[in-house]
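Here's a quick briefing on the model below.

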Amino acid sequence: MKYDLVLFDLDNTLLNYKRAEVESVEELRVWLDVKIDSDLFHRTYKRINHKMWTDFEDGLIDVNLLKTERFRKLSLELGFLCDPSNCSEKYLYFLSLKAYPLDGMYDILDKLKGKTKLAIVSNGLSKVQYNRIELAKLNQYFKHIFLSEELGASKPDIEYFEKVFLNLDWKELDKAIIIGDNLNSDIKGGYNFGIATCWANLFESEYTSGVKPDYTISELNQLEKILF
Ligand SMILES: [Mg+2]
C-alpha cells in the first residue's frame, strides 16, 4: 500500500449528499406547507446554506448558529413564517434518513478493508452523520470517525487534523492521504497539514483553488490505482 492511513470525507465523497439535500429541502418545503415555487425555495436555500458553511469554515460563525440561522434567513427572504429551530430539527431529521452510496463505494472499501487504516473525517452535523453512517453500513469499514462537532475543530483548520492524528497516534504524515470533494476543507486543509490529497471530483465541479491536489479522480474506482 502506498498509504497506510486513508482519510475519507463523507459527503459527496462516499455518500451522495447532493441528492440527500435536494430531497430533504423538498420534504421541508412540503412540511412547511408554504406556497412557494419549489425551484425558488431550493435555489434560495442552497445559496444561503452555502454562504453559511463557508462562513463556518472560515471560523466566522459556530455550527449552532448555522443550524438555525439559515432557516431564519430563508423565511425572511421568501416571506413565510417559521420557527427556525423547529425547521432545523425537522430538516436534520429528514436529512439523517438519507444515505445514498456513490457509485463504487462498497467496491473500493471492500478492497481497502484490512489493508490500510481507514477513517472518516467530516464537518457534517454529528446526529445526522452517525445515522447516515449506520444506514449505509459504513461502520463495518470505519472504526475511526472524526466529526468536527465532537472534535471542537473543523476542516480545513490545522487543529482539526492535529486532533485526528493525535487521536490515532499517527506520526507518519507521508503515509497518509485525505480524499474529499471540497477544495477548501479537504484539499487545502490536507495540504496545509502536510499529507497527500486526492480531490474526489465526482460531480464534474469546476476547479477553483490555489492548492493543487496530488491526485484527482472522477470515479471512486480510480482510487485503486492511487492507493495500491
Ligand atoms: Mg464533502
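Helices (H or I, at least four residues) and strands (E, at least two) are DSSP runs, numbered from the N terminus. Glutamate 204, for one, lies in the loop between S5 and strand S6 (215-217). Keep in mind that this is a predicted model: local features need pLDDT of at least 70, side-chain atom pairs count only at pLDDT 80 or more, and totals for chains, interfaces and linings use all residues. Residue numbers start from 1 along each chain, as its sequence is written.

**Domains**

- The chain splits into domain 1 (5-15 + 100-227) and domain 2 (18-96), with bounds that come from an automatic or database domain assignment.
- Between the C-alpha centres of domain 1 and domain 2 there are 25 Å.
- Across the boundary, 13 residues of domain 1 are in contact with eight residues of domain 2; contact here means C-beta atoms, placed from the backbone, within 7 Å.
- On the domain 1 side, H6 and H9 are the elements giving two or more residues, and H6 has the largest share, with four residues.
- For the classes, Ala, Val, Leu, Ile, Met, Phe, Trp, Tyr, Cys and Pro count as nonpolar, Asp, Glu, Lys and Arg as charged, and the others, Gly among them, as polar.

**Core**

- The largest nonpolar core has 53 residues, and Val6, Leu7, Ile177 and Ile179 touch the most other members. A core of this kind is a set of buried Ala, Val, Leu, Ile, Met, Phe, Trp, Tyr and Cys residues joined through C-beta atoms within 7 Å.
- Buried means 20 or more other C-beta atoms within 10 Å of the residue's own, exposed means 12 or fewer, and partly exposed is in between, with C-beta atoms placed from the backbone.
- Helix H1 (residues 17-32) supplies the largest share of this core, five residues.
- At least three core residues come from each of domain 1 and domain 2.
- Leaving out residues up to four places away in sequence, isoleucine 177 touches Tyr3, Val6, Leu7, Ile195, Ala196, Thr197 and Cys198.

**Helices**

- Helix H2 (residues 38-57) packs on helix H3 (residues 63-78) at about 150°, with axes 9 Å apart. Axes are lines fitted to C-alpha atoms, for helices over the stretch in contact, and angles run from 0 to 180 degrees between N-to-C directions.
- The H2 and H3 contact residues are nine nonpolar, two polar and four charged.
- In helix H9 (residues 183-193) the buried residues are Leu183, Ser185, Asp186, Ile187, Gly189, Gly190 and Phe193. They pack against H2, helix H8 (158-168), strand S4 (176-180) and strand S5 (196-200).
- Glutamate 134 sits in helix H6 (residues 126-135) and is exposed, because 12 other C-beta atoms lie within 10 Å. Its C-alpha is 8.7 Å from that of alanine 99, 35 residues apart along the chain.

- Most residues other than glycine have a negative phi, and most peptide bonds are trans.
- Aspartate 169 has a positive phi of about 55°, in the loop between H8 and S4. Aspartate 169 counts as exposed because it has 6 C-beta neighbours inside 10 Å.
- Glutamate 204 also has a positive phi, of about 50°, and is exposed, with 6 other C-beta atoms within 10 Å.
- From lysine 155 to proline 156 the peptide bond is cis, with omega near 5°. Proline 156 is in the loop between helix H7 (148-151) and H8.

Key. Contact = placed C-beta atoms within 7 Å.
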